[in-house]
Amino acid sequence: MPEPYDVITMGRIGVDLYPLRTGVPLAQVDTFGKFLGGSATNVAVAAARLGRRTAVITRTGRDPFGDYLHQALREFEVDDRWVTAVDEYPTPVTFCEVFPPDDFPLYFYRLPKAPDLEIRPDELDLDAIRSARIFWMTGTGLCAEPSRTATLAALEARGKSGITVFDLDWRPMFWPNGAEPGDAELDGAEPRAVYARALRHATVAVGNLDECEVAVGEREPHAAARALLAAGVELAVVKQGPKGVLAVHRDGTRAEVPPVPVDVVNGLGAGDAFGGALCHGLLAGWDLERVMRYANAAGAIVAGRLACSSAMPYDEEVARTLADGRVPAADPPPEPATEPSTTPSTARSSARSPEALS
């Protein structure tokens with residue numbers, strides 16, 4: 001049998017088109033950078049940058065953007081064998097606006113449906129999922145069928161073997177009719193009830209205060225951690241934005257660490273860097289406080305850079321940031337050359353969602 005992967009993630013993928021200048025409304029931007037994106041995919045990239053053997057389970061459109069994503073995954077040394085094409089839907093594109101330090105509106109183009117929500121249970125390599133040292137899944141993967149059933153099937157196949165991480169990842173615009181967690185039946189599933197099913201199979205839950213409130217009805221950090229443990233996980237990681245991160249283990253171990261100082265350029269992707277570094281620290285067997293400090297530093301590094309996937313740090317960069325106590329100031333983003341305006345001609349924005357640093 002092949003050697004198990006260190007990390008297999010399952011969930012979103014797409015193309016991020018980010019403005020190459022900050023502080024400029026999207027309507028006025030004339031030059032963009034193109035990057036691999038999607039939270040689960042970025043986590044796999046982040047862990048690979050730290051030396052872990054990673055793979056991602058997801059789907060793209062059968063189009064040039066899908067080809068680009070395969071190329072980018074290989075360049076980042078993330079195994080793309082379980083990234084398959086869907087004929088019916090285009091590869092998703094995401095635009096953002098960058099207004100540091102804390103305003104980063106996102107515009108998701110995932111209509112009529114994103115290919116990564118077409119992951120099917122019968123396509124899963126359950127042996128590989130079972131044997132992976134860490135399996136990482138997201139709340140977005142639960143928002144629609146067949147992805148919901150596939151994600152739950154993967155969790156059940158794990159049987160809590162190894163480390164199974166549930167990234168709470170609440171994106172209401174991806175759920176039917178912009179669902180709220182207490183809504184009645186939506187496409188056969190109420191969000192909080194589906195989250196509860198997933199939490200029973202996970203060993204680690206990671207989320208910010210809003211996501212914890214969706215999952216377990218609590219947003220006070222310590223209460224949220226207790227509720228997540230009661231829901232079935234062994235380790236609850238509650239991200240508190242500017243107040244840092246709280247981690248509580250079922251054995252009573254806890255760590256609460258402050259954020260790493262950084263001049264924020266783009267807060268998008270910081271949480272994914274945190275996730276990849278969390279995986280790295282858990283696999284290394286570090287104590288809980290060391291894991292949280294390392295993950296915080298990795299997230300802060302990406303917050304100080306414009307891109308997401310290509311901004312994921314290497315171990316020596318995280319070590320240097322921890323030694324210095326802050327993230328070094330980034331070089332200013334390049335000024336755009338004079339080019340024709342880049343404007344999507346057919347897609348409609350499916351969402352506008354500011355995302356917090358953590």
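User: Leaving aside neighbours within four places in sequence, with which residues is glutamate 234 in contact?

Analyst: Contact means heavy atoms within 4.5 Å, and on that basis glutamate 234 touches Thr203, Leu229, Val248, His249 and Arg250. This is a predicted model, in which local features need pLDDT of at least 70 and side-chain atom pairs count only at pLDDT 80 or more, while totals for chains, interfaces and linings use all residues. Residues are numbered from 1 along each chain as its sequence is written, and side-chain values use heavy atoms, with hydrogens and water left out.

User: Where is glutamate 234 found, and what is its relative accessible area?

Analyst: Helices (H or I, at least four residues) and strands (E, at least two) are DSSP runs, numbered from the N terminus, and glutamate 234 lies in the loop between α7 (221-231) and β12 (235-239). Buried means under 20% relative accessible area, exposed over 50%, and partly exposed in between (1.4 Å probe, protein chains only); glutamate 234, with 36%, is therefore partly exposed. Glutamate 234 and arginine 250 are 16 residues apart in sequence, yet their C-alpha atoms are 5.1 Å apart in space.

User: How many bridges join β13 and β14, and in which sense do they pair?

Analyst: Two strands pair if DSSP finds at least two bridges between them; β13 (residues 245-249) and β14 do so in the antiparallel sense, over four bridges. Leucine 246 has glutamate 256 of β14 as its bridge partner, and in this hairpin, with four residues between the strands, glycine 252 takes a positive phi near 100°. Strand β14 (residues 254-257) has a covered face, formed by Ala255 and Val257, and an uncovered one, formed by Arg254 and Glu256.

User: At what angle do helices α9 and α10 cross?

Analyst: Axes are lines fitted to C-alpha atoms, for helices over the stretch in contact, and angles run from 0 to 180 degrees between N-to-C directions. The axes of α9 (residues 288-303) and α10 (residues 315-324) come within 9 Å and cross at roughly 105°. Angles under 35 degrees count as roughly parallel, over 145 as roughly antiparallel, 65 to 115 as roughly perpendicular and the rest as oblique, so α9 is roughly perpendicular to α10. Among the residues making this contact are Arg293 and Tyr294 of α9, and Asp315 and Glu317 of α10.

User: Which classes do the residues of that contact divide into?

Analyst: Ala, Val, Leu, Ile, Met, Phe, Trp, Tyr, Cys and Pro count as nonpolar, Asp, Glu, Lys and Arg as charged, and the others, Gly among them, as polar; the contact of α9 with α10 has six nonpolar, one polar and three charged residues.
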